[in-house]
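These are my notebook entries on one chain, taken in the order in which I looked things up.

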Amino acid sequence: MEINSVALIGLGAMGSFFAPRLEACLGKDKFCVIAEGERKKRLEEQGITVNGVVHRFRILPPKEGKRVDLVIMAVKDTSLEQAIQDIRQFVGEDTQILCVMNGVDSEEKLAYEYGWEHVLYSYMRVSIVMKDGKTEFNPYSGKVYFGEKENEEPYTQRVQAIARLFEKSDIPFQIQKDMLHGIWHKFACNIGENLPCALLGIPFGSLIKSEPADEIRMAAMREVQQIALKKGIILTDEQLNRQKEALYRIPFYNKPSTLQDLENKRKTEIEMFAGAVVRMGKETGVDTPICWMLLKAIQVLEEKNIGLLEENR
């Protein structure tokens, strides 16, 4: 099994991590970005700028899709349901799908639609800020994690095939032994870092400087830890405490995605983050007062952004 053709949906911050390197490796005929309408027109005319280089990729609308060996989904949660339908023409008998977005249930949604034989687990660890189609980041400062639910050498053929592609494309990656643990650990970190920063209007670096902000971070992560435990996934205190070390490796003024969304008056992924924690807390009997507060507070900020809190509305 070899991966010789790739389609990417979601050419934002996460998508920019993959697109230039995949096109350079595969060529324009074997790599495309899925988009339509005004977004397609904008990407064709303006492209995106990554580390000072303008890239204009081959853009295909969903209805003109051709089967590829690999589909990479790097969309936001608010676009996931539509993206699941938009990739349909690109999925053939042997197509594999990596959905590198945040959250803990995107793979299940994809498997429901296409079957587990097409879906691998994946997530990313990287801090990228994109504004007005431009981004600058160290291409080796993060990596993509992927694999079956559990991975032991020798890896399955499809895992090995994607690994070979990423090696040829110079894309940093890691095949993790326990993918569910990795996904839930990242989810806990997102809840603890992304959401407090968004609510308080502070960059990642402030979590290092401010003891009260760090206390909020840890309290939110512990709610996720308790829910994960109910699901048989053990996130240890040591792992949560050690996460603070990772914050020192992120540029101080980098802003998490939810804060970027609020500042740009876009719909956030708060339902996928705190909303999911509150829902799963009710299902498992875990109290989630911190995440409930983060959920409601950021929903208020969304209302403010669209003018619902103005006197004449």
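How far apart do the end C-alpha atoms of residues 6-149 lie, and what share of the span is helix and what share strand? I find the end C-alpha atoms 22 Å apart, with 28% of the span in helix and 33% in strand. I note that the model is predicted, that local features need pLDDT of at least 70 and side-chain atom pairs count only at pLDDT 80 or more, and that totals for chains, interfaces and linings use all residues. Residues are numbered from 1 along each chain as its sequence is written, and side-chain values use heavy atoms, with hydrogens and water left out.

**Annotated spans.** UniProt, in an unreviewed entry, lists residues 6-149 as "domain: Ketopantoate reductase N-terminal", and the annotation "domain: Ketopantoate reductase C-terminal", also from an unreviewed entry, covers residues 178-301. Such annotations may be inferred rather than shown by experiment. Over residues 178-301 I read 73% helix and 0% strand, with the end C-alpha atoms 36 Å apart. Helices (H or I, at least four residues) and strands (E, at least two) are DSSP runs, numbered from the N terminus.

**Eight-stranded sheet.** I traced an open sheet of eight strands in the order E5-E2-E1-E6-E7-E8-E11-E12, with mixed pairing; two strands pair if DSSP finds at least two bridges between them. Strand E5 (59-60) and strand E12 (173-175) stand at the edges with a single partner strand each, so one side of each is left without a neighbour in the sheet. Strand E1 (residues 6-9) pairs with strand E2 (residues 31-34) in the parallel sense over four bridges, and there the bridge partner of Ala-7 is Cys-32 in E2.

Helix H1 (residues 13-26) lies across E1, E2, strand E6 (68-73), strand E8 (119-125) and strand E11 (143-147), and runs at about 160 degrees to E1. Helix H4 (residues 106-114) packs on the sheet as well, touching E6, strand E7 (91-99) and E8, and its direction makes about 155 degrees with that of E8. Contact here means heavy atoms within 4.5 Å; axes are lines fitted to C-alpha atoms, for helices over the stretch in contact, and angles run from 0 to 180 degrees between N-to-C directions.

**Four-stranded sheet.** I then followed an open sheet of four strands, ordered E4-E3-E10-E9, with mixed pairing. Its edge strands are strand E4 (53-55) and strand E9 (130-131), each of which pairs on one side only. Strand E3 (residues 48-50) and strand E10 (residues 134-135) pair in the parallel sense over two bridges, with Thr-135 in E10 as the bridge partner of Val-50. H1 packs on this sheet, touching E3, E4, E9 and E10, and its direction makes about 75 degrees with that of E3.

**Backbone exceptions.** Most residues other than glycine have a negative phi, and most peptide bonds are trans. I found the peptide bond from Glu-153 to Pro-154 to be cis, with omega near -5 degrees, and I place Pro-154 in the loop between E11 and helix H5 (157-169). Asp-170, although not a glycine, has a positive phi of about 60 degrees, and is found in the loop between H5 and E12.
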